[in-house]
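Q: Please take a close look at one part of this protein. I would like the nonpolar core, and what surrounds it, in one connected account.

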Amino acid sequence: MIEVLKMRRKLVLGNWKMHGAIGTNAQLLQAIRQHLTTSSLPVDVGVCVPAPYLSQTRDLLTGSDMKWGAQDVSAHAKGAFTGEISAAMLAEFGSQYVIVGHSERRAYHGETADAVGAKARQAIVAGLVPVVCVGETLHERDAGMAEQVVRNQLSDVLAFVGSENPAQIVIAYEPVWAIGTGRSASAADAQAIHAALRACLSEHGEAMNQTRILYGGSIKPNNAHELLTCADIDGALIGGASLVASDFISIIDSASRAASASTVSDEVFDAGVKP
Ligand code: PEP
């Protein structure tokens, strides 16, 4: 018997934010889909699109290896919450992922830790994978509080979703000062925070070692390789560069190379048992 511990498969996820139009969406998605069909990739790829484009995205990506999802979800299952979109509705459009607690929503919409936790829980109940964003502001980093801030944000959300199934949730470390600024965290700084998040996850049970932790914040083709080869960086959450087909494809390729290079070391065989 061979026991192969499931490695953390890298995930490259686009966050379109409030960008897109029916015509340009089609060009972008078709270009990425075409790339994925010409090369078999050892990574997961998805796009989180504005909710009105979920139907179009589903139509264009069904039958491909790409997944899709949304950028926010209601903290409620249903009811009198005008303007909100429930997790069940996102699931009806074939969504697999939903971003939760993005720093833009925490900052501009006052999302509290409780709201983020409730949203993540609603996503899981509907069968979606919440991609929970954590990250420190520049002020917090300069004050030496980065690690503590993200550990607290992670613990807050785990208190809502539990830790029984590590694949039910993805964490995205997105330093607020790196989002959309062109100023990415260095690979060393990102790895240090990812290691701290990994340690925090492990405190919630060994199984949580399988939870993926993405890095996000000004990832571009020229820095993707360095970031994606870090031991505890399991993929990327990409804003601006996910809107440019050639950039997104280049980052997917970097993730694939990083995944291929680490495949052998991620397989663990039962002690003393030969295949
Ligand atoms: C994001 O919005 O999640 C993000 C990472 O943006 P950017 O890649 O543009 O910094």
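A: This is a predicted model. First, the setting.

The protein chain holds 10 helices and eight strands. Its radius of gyration is 18 Å, close to the 19 Å that the globule rule gives for 275 residues, so the chain is as compact as a globular protein of that length. Along the principal axes, the C-alpha atoms fill a box of roughly 60 × 45 × 40 Å. Of the 275 residues, 49% count as buried. Take the contacts with a separation of 6 or more: residues 24 or more positions apart account for 74% of them.

Now the core. The largest nonpolar core has 69 residues. Val-47, Tyr-215 and Ile-252 have the most contacts inside it. Helix 10, residues 245-262, gives the largest share of this core, with eight residues.

Leaving aside residues up to four places away in sequence, Val-47 touches Leu-13, Gly-14, Trp-16, Leu-29, Thr-57 and Leu-61, among others. Its list also includes Met-66, Lys-67, Trp-68, Gly-69 and Phe-248.

Next, Leu-36. This residue lies in helix 1, residues 22-38. Leu-36 is buried because its relative accessible area is 7%, under the 20% cut-off. Not counting residues up to four places away in sequence, Leu-36 touches Leu-41, Val-45, Met-66 and Ile-252. Ile-252 is one of the residues with the most contacts inside the largest core. Pro-52 is another matter: 16 residues separate Leu-36 and Pro-52 in sequence, and their C-alpha atoms are 24 Å apart in space.

Two loop residues complete the picture. Lys-17 is found in the loop between strand 1 (11-15) and helix 1. Its phi is positive, about 55 degrees, although Lys-17 is not a glycine. Lys-17 is buried, with a relative accessible area of 19%. Ser-218 lies in the loop between strand 7 (212-216) and helix 9 (221-228). Ser-218 is not a glycine either, yet has a positive phi of about 60 degrees. Ser-218 is buried too, at a relative accessible area of 11%.

Notes
Residues are numbered from 1 along each chain as its sequence is written. This is a predicted model: local features need pLDDT of at least 70, side-chain atom pairs count only at pLDDT 80 or more; totals for chains, interfaces and linings use all residues. Side-chain values use heavy atoms; hydrogens and water are left out. Helices (H or I, at least four residues) and strands (E, at least two) are DSSP runs, numbered from the N terminus. The radius of gyration is taken over C-alpha atoms; the globule rule is 2.2 Å times the number of residues to the power 0.38. Buried means under 20% relative accessible area, exposed over 50%, partly exposed in between (1.4 Å probe, protein chains only). Contact means heavy atoms within 4.5 Å. A nonpolar core is a set of buried Ala, Val, Leu, Ile, Met, Phe, Trp, Tyr and Cys residues joined through side-chain atoms within 4.5 Å.
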